[in-house]
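Hi everyone, thanks for making time. Let me put the sequence and the structure up, and then we'll walk through a few parts together.

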Amino acid sequence: MAERRPDDMVRITTPELADAFIDEQIKELRAQIGDKKVLLALSGGVDSSVVAALLIKAVGQQLVCVHVNHGLLRKGEPEQVIKVFRDEMNANLIYVDAVDRFLDKLEGVSDPEQKRHIIGEEFIDVFADEARKLEGVDFLAQGTIWPDILESEAGIKAHHNAGGLPEDIASRFELVEPVKILFKDEVRVVGRQLGLPANMVDRQPFPGPGLGVRCPGAITRDRLEAVRESDAILREEFEKAGLSGKVWQYFTVVPDFKSTGVKNGKRTFDWPCIIRAINTTDVMEVTVEHLPADLIDHLVSRITTEVPGINRVLYDYTPKPPATVEYE
């Protein structure tokens, strides 16, 4: 095995253990990076956010964060990344508005794998473009965690070293991976001790292609916006109902077909919105959360009233197997 988690390592489950890990990593990061600069693709997800917060403590303005808004993020996420890291932590943050660039490339593409390929490839191209503009950057930070390494060694998925960057970019950098021996729950404990907000540290799993896989078929801007707005309502109501920390994952899907309905006494021909709320321990098997009837009624009322283009709300009761978590 090329990588090992120390056999005697105590799992990081308490603030005290997290503080000790943070202190140790700050020393190691300063020793590795010295007075050089380090580049990080900051998505706003748990792993990259914790890595960013660690590096800010260790090397401050030597860290250059690049946040790419590809238009497939949830409502308010780009704004939160800017607020937390640029405004509150004084990070050296480059914000890239690439919404049109991504959505133009995705126009008319309905095949799920082709969509994923375009999103992944375009992200690498945008990040590489920003990297080429920078001088004096010798290190590339990544939010690799221990399960990534285990899955790589088992052949389940490629370990994302350098993330498929073009050779002229990847060859410039030495990797910095400060949380690579941690499990996800440990990363969250460290994030809390670093002062990251709860809704960022406890963020539910979110697919790499973002809302692109929750807008099945060819993505259109209006249907994508319906996914984003309905998802925001769902998250808001789950928070109010005390479910946000109890349900593993919950989201909305707006499929590419329409049905008739009635709004304000007039016929409509609009999309349905599908709600999915699930629990799991290993993602191999998934159970469905059975929501209170009054909450479902409230969600139906809000979504059909507040989200343009939606005239039905459906609830997905299908476990895994036979269904998968996402729709694409």
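So, how many of the 14 residues of α2 are buried? Before I answer, a word on the ground rules. This is a predicted model, with local features needing pLDDT of at least 70 and side-chain atom pairs counting only at pLDDT 80 or more, while totals for chains, interfaces and linings use all residues. Residues are numbered from 1 along each chain as its sequence is written, and side-chain values use heavy atoms, with hydrogens and water left out.

Okay, α2. Buried means under 20% relative accessible area, with over 50% called exposed and anything in between partly exposed, using a 1.4 Å probe and protein chains only. By that rule 13 of the 14 residues of α2 are buried, so the helix is largely enclosed by the rest of the structure. Just after α2, G60 has a positive phi of about 55°.

Now follow the chain into β2, residues 63–69. Here 7 of 7 residues are buried. In a regular strand, side chains alternate between the two faces of the sheet. In β2 both faces are covered: L63, C65, H67 and N69 sit on one side, V64, V66 and V68 on the other.

Who are the neighbours of β2? Strands count as paired if DSSP finds at least two bridges between them. β1, residues 37–41, runs parallel to β2 with 4 bridges, and V38 stands opposite L63. The chain gets from β1 to β2 through α2, residues 46–59, in a right-handed β-α-β crossover. Right-handed means that, with the strands pointing away from you, the path from the first strand over the helix to the second runs clockwise.

On to β3, residues 92–97, which pairs with β2 in the parallel sense over 6 bridges. H67 faces Y95 there. This time the chain crosses through α3, residues 77–88, and that crossover is right-handed too.

Last stop, the second largest pocket. Which residues lie nearest its centre? They are F21, E24, Q25, E28 and I181, out of 18 lining residues. α1, residues 15–33, gives the largest share of that lining, 8 residues.

That's my tour, so over to you for questions.

Technical notes: 1 Å grid on protein atoms, 1.4 Å probe; cavity = no way out; pocket = protein on both sides within 12 Å on 5 of 7 lines; lining within 4 Å. Helix = DSSP H or I, 4+ residues; strand = E, 2+ residues; numbered from the N terminus.
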